[in-house]
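Here is a brief report on salt bridges. Please view the sequence and the model together.

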Amino acid sequence: MTDLAHESGYGDSATEKPVQPSSADPAARRGWWKARWVIPIALLVGYVAQVCFRLSLVTGQDYPVVMPDEPMYLVIARMFAGLPTTEIPGNEVLPGGYALLISPAFRLSQDPVQVYHLIMGINALISSLVLPLAYVALRRLQISRPLSYLFATAAVMLPPVVFYSQFAMADTPLPALVLGWLIGVHGLLSEGSNRRRLWFGLLAGFCAGYCLLTHDRGGVVVALTGLVLLVVLVFGWAPRIATASALAVVAAMFVAKSLMTSWLLTRIDGAHPSQVGSVVIDSLTQPDLLRRTVMRMSGHIWYFVTSTWGLAAVVIVTCVVVVFSSRFSKADRVVGFLMVGLLCGVALAAAAGLPEDHRIDTIVYARYLSLLVPVFFVVAVAILLRARSWKRVALLGGSSVVLTLLVSAVVLELASREFRKSWFILWALPDATFLSSLWQDNWGSFHLVRTTAVALVVLVAVVLLRLLGGRRTMLTGVVIGLALAAFAAFSTVTITDHVTKPNTAWRYGDGTGFLKDAGIRPGDQVVMDPDFRWEIRMGLAYEVIDGRVWTRNLTKGVTPPAEANVALFGLYDPVAPPAKSWPNAPAGWHIDRNVQQNGYVVWRRD
């Protein structure tokens with residue numbers, strides 16, 4: 001990534017002198033940042049600070065609220081911890097890489113609240129790894145140590161990096177894995193000793209493979225990695241032992257995923273593997289869904305660009321130039337290809353694979369491209385800092401604004417009617433809603449134009465600061481870095497206060513509040529009727545940690561499992577007698593409590 005940022009890739013002459021690393025500046029050599037002990041200690045202190053920052057945001061997070069995603073991962077983690085099997089929400093087995101990371105929480109406690117607190121701690125430890133990885137990426141982009149540290153701090157506090165770590169979801173480790181993957185690929189293809197390039201290759205292979213082990217989006221990462229490594233192997237762009245080793249690690253992780261899924265399928269009755277891949281292929285092969293796919297793909301890219309405050313557009317423009325320019329090194333060109341390829345690949349797969357659920361966020365989806373936010377952020381600031389000519393900075397800024405406006409116009413043209421008849425879900429649109437709320441304090445609706453306008457204001461402000469700074473790169477970088485870090489922290493805290501915490505409080509009745517109201521005790525084995533509240537059915541698979549749950553059509557005459565001692569039924573008629581909830585109850589069952597205000601009845605076996 002060294003040449004990727006060199007003069008931003010716009011019209012350099014062959015005779016122009018290359019920009020020297022910031023660390024070669026005499027002032028930098030005399031600086032105290034040169035001491036070997038400074039950076040490790042600074043990164044350690046920053047890492048601990050980021051962990052504490054994240055933990056401070058999730059106080060009060062006691063139970064899963066994102067249904068059915070969180071309970072799915074929690075049930076799989078429970079299996080990996082050696083606890084008894086239970087029902088999995090949706091009967092679908094997701095990739096287990098993230099569940100494996102959080103499974104130690106189930107070994108330390110069987111109290112659902114304590115387990116969830118431990119998982120939030122594990123999430124904080126994983127998510128904060130973006131700090132040292134972003135620092136390494138910026139140093140490879142030849143940004144000085146102080147500025148690398150400052151911008152890495154801004155990157156680790158970006159809302160898409162922090163927000164999803166506030167839930168038990170596989171999105172938590174993906175930003176760090178993608179950073180490690182791209183660093184590894186670039187190191188493999190850069191000059192250096194064979195041993196050094198071997199380690200970079202292993203890093204790239206492991207991170208790519210663990211992406212696959214973590215989420216279906218990892219399939220795009222592995223496909224791109226396999227393609228690139230095969231080309232590298234054939235043309236000998238890197239030591240063949242290093243390339244072959246990276247391919248072997250990817251293959252081993254693919255086998256590990258298959259074995260993990262097979263093991264889970266044998267443990268969970270009625271479960272089936274994820275069907276996302278089949279759904280994507282089916283959608284892409286149906287011509288009548290082409291317009292919908294293009295609309296969604298444009299919407300996802302629009303959301304990604306605005307969630308990075310327009311900075312992603314800087315990278316997209318630059319990477320396109322880099323990929324098709326022979327002036328850049330193979331490492332830079334390959335990484336540029338991978339970044340744009342992953343962006344388009346994930347956006348296309350999500351556009352084709354998401355269901356027709358009449359939600360705005362299905363059109364402009366935030367979550368699936370969030371894994372790319374930190375790497376696009378750090379590359380963008382490096383490009384702007386290293387562009388020495390004001391004309392090139394202005395050209396970069398102008399072309400990025402044009403790209404953002406163009407994508408926004410496409411989305412408006414294709415989706416304006418869909419927006420008017422689709423549901424607004426605040427949790428699914430945190431970044432866009434935050435940006436539009438800065439225009440008008442309204443967190444209850446979606447505004448594409450306002451969101452775009454505010455994102456462009458931030459982008460233009462960064463570009464203007466860079467232009468005003470001229471060749472005073474250090475001073476300009478400090479001002480921009482402090483401003484972006486402050487805005488990132490403010491954005492994250494505000495989104496937590498307006499989205500995460502209210503959403504959690506609203507779900508209390510579906511979380512641990514239900515266990516208390518329903519009188520669920522340690523060791524209970526719970527069977528639920530399908531008419532019971534959906535959110536509670538999804539969450540109980542995790543919350544009854546020391547027992548087991550089933551869903552059976554009891555009101556249709558299905559016999560409850562022999563091990564079950566608690567049965568849950570919905571009764572939404574406030575004047576109906578509780579016995580009506582299970583008119584054909586078998587002998588030995590009695591009504592334990594009627595929670596009329598919440599519309600359900602609890603039965604127990606004598």
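The sections below cover the salt bridges and their surroundings.

## Basis

This is a predicted model: local features need pLDDT of at least 70, side-chain atom pairs count only at pLDDT 80 or more, and totals for chains, interfaces and linings use all residues. Residues are numbered from 1 along each chain as its sequence is written, and side-chain values use heavy atoms, with hydrogens and water left out.

The structure holds 16 salt bridges (a side-chain nitrogen of Lys or Arg within 4 Å of a carboxyl oxygen of Asp or Glu). One of them pairs Arg367 with Asp69, with 3.1 Å between the closest N and O atoms. Asp69 sits in helix H3 (residues 69–80) and Arg367 in the loop between helix H18 (360–363) and helix H19 (373–386), so the bridge ties together parts 298 residues apart in sequence. Helices (H or I, at least four residues) and strands (E, at least two) are DSSP runs, numbered from the N terminus.

Arg367 and Asp69 are both buried. Buried means under 20% relative accessible area, exposed over 50%, partly exposed in between (1.4 Å probe, protein chains only).

## Asp510 and Arg533

Asp510 and Arg533 form a salt bridge at 2.7 Å, N to O. Asp510 lies in the loop between helix H23 (473–506) and helix H24 (512–518), and Arg533 in the loop between strand S3 (525–528) and helix H25 (534–543). Asp510 is buried at 7% relative accessible area. Arg533 is partly exposed at 34%.

## Asp592 and Arg604

Asp592 bridges to Arg604, the closest N and O atoms lying 3.8 Å apart. Strand S6 (residues 589–595) carries Asp592, and strand S7 (residues 600–605) carries Arg604. Asp592 is partly exposed at 28% relative accessibility. Arg604 is buried, at 6%.
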